[in-house]
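Reader: I'd like to learn how to read aromatic ring pairs in a model. Can you walk me through it with a case on screen?

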Amino acid sequence: MDHPVSRPAPDNGAECMGNNSYPSVAIIGGGLSGAAVAFHLARRHASATLTVLEPRATIGAGLAYSTPDPAHRINVPAAKMSLIPAEDRHFVDWISRTHAIADDPEAVSSNGEVYARRIVFGRYVFDHLKPWIASGRIAHVRDSVRAIARAGSHWSLQTASGRTLLADIVVIATTHPAPEVPPILADGLKDDPRLIISDAMTVSPLSGIEPEARVTIIGTGLTMADTVASLDRRGHRGTITAISRRGLLSRPHATVPYQPFGQFDQSAPYSALDLLRKIRTTIREADALDLQWQAVIDQVRAQASAFWPKLPETERRKIVQHLRPYWDVHRFRIAPQVQRVIARRRSEGTFTSRAASVTAAEANADHILLQLRTRGKRALEEHRTDYVIVTTGPAHSRAVEVEPHLNSLASAGWIRADGLGLGIFCDRQGRAISREGQAVSSLLIAGPLARATFGELMGLPQVTSYAQEIANQVIQELDRMRMVGQPMPEQFAKAR
């Protein structure tokens, strides 16, 4: 039987979350990471109140899975996407049961894999949270958090609407920070409406682009591909030029089903070069067995949490700085439906990708003038375009700086940015590491902001597995609180 923790009601006008007799857990961010943590906690632990602070109307969709654009699809086969890591077919079975793709004949690829629209996965996640929300097990507060501070034995959360909420455990599951506009574009184009920031699945800013307009996209990853698919669906037929320093495009999925291949979790690499050599050797071994390279990359991804922490930080930094672009295009693959759009546009001569850098930008009355330097060349060239769209991805390196609630925690010394520019420093249990280097057991980092510690937390299988581990850690802390009869761990006083 669970025994409540004695918790006096606050006397400063702040609101305790849920029943004062039980410790409360506040999950900041209701995208996939926050929703998955809440889901696993609700299923397993009844002696705590769970509150998700998320300004959107529903929990679970977040930025990526709330897009209404039918051109935006999951880039992982549905059979590999699940809220419950041990049940691979959880999402696929839900699709079958709810007929979720009945109106989408293009969802099934030629090899039988399902690549549903992104919004379908968002509905799937919310569908599994609705019973817990309806029962009151999970409370959804439609508000965003502006600041977090210690308040006696609690965490005090200040919301955008002016409320003050108290919680015993806080899980940071904040969404991806908005992309950072390259300074050259920000200075040269300033507030020009023809400079569009694609916030990873935003559709509305594209509505004003004329069908014959020349479009230049900064970034060549999956968000670029989704942007091209969106423009194409809206009838755009003008030229599109995608630019990045290396000009790398996301690779396709395997043409046949496979199991991950290789072994990367036993003899850990000593350097970035060792890891690269190991991957290349394993790909050659796979090829000899008629296996495609995707099987090897998936194994690296799955076993990264085992070998990544053993690499010296200097070697991890080399991987992030030099190898990450190549990893990203092999790891984050393009959905077949979107790939077909890119291929068709290229064959029509209306899509080009380039390895180049923007060295200057100027807004004129009838066009935007960019100055480009092609990779490997010194000469500069002029590039005229009608619109510039930035799709460079979330600015994770600036998360602590630009997110107010994270900045408040950092200013007080409770968290700090990791040394690799990927997010927030935490330990192997997901506990935030304070400025003094101590683990804060009631402040947990969920989702991609923790990937500097684990190596791979962007792909959905890793996100949901890690969310389950964060839920386990929360449960351990709740059990500890119950045993000692009070919610304030001794480490808090030491970590201040």
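This is a predicted model: local features need pLDDT of at least 70, side-chain atom pairs count only at pLDDT 80 or more; totals for chains, interfaces and linings use all residues.

Reader: How many aromatic pairs does the structure hold?

Author: The general idea first: two aromatic rings are described as a pair by the distance of their centres and the angle of their planes. Here, rings of Phe, Tyr and Trp (its six-membered ring) pair if their centres lie within 6.5 Å; planes under 30 degrees apart count as stacked, over 60 as edge-to-face and the rest as tilted. The structure holds eight such pairs. In one of them, the ring centres of Tyr65 and Phe121 are 4.8 Å apart and the planes meet at 55°, so the pair is tilted.

Reader: Where do Tyr65 and Phe121 sit in the chain?

Author: Tyr65 is in the loop between strand S3 (49-53) and helix H2 (90-98), while Phe121 is in helix H3 (residues 118-135). Helices (H or I, at least four residues) and strands (E, at least two) are DSSP runs, numbered from the N terminus.

Reader: What are the relative accessible areas of Tyr65 and Phe121?

Author: Tyr65 comes out at 12%, which is buried. Phe121 is buried too, with 0%.

Reader: And why is the pair of Phe91 and Phe121 called edge-to-face?

Author: Their ring centres are 5.0 Å apart and their planes are at 90°, so it gets that label. Phe91 lies in helix H2 and Phe121 in helix H3, so the pair ties together parts that are 30 residues apart in sequence.

Reader: Which residues form one aromatic cluster?

Author: Tyr65, Phe91, Trp94, Phe121 and Tyr124 do.

Reader: Zooming out, how many helices and strands does the chain have?

Author: There are 14 helices and 17 strands. The radius of gyration, taken over C-alpha atoms, is 23 Å, close to the 23 Å that the globule rule (2.2 Å times the number of residues to the power 0.38) gives for 496 residues, so the chain is as compact as a globular protein of that length. As for burial, 54% of the 496 residues count as buried.

Note on methods: Residues are numbered from 1 along each chain as its sequence is written. Side-chain values use heavy atoms; hydrogens and water are left out. Buried means under 20% relative accessible area, exposed over 50%, partly exposed in between (1.4 Å probe, protein chains only).
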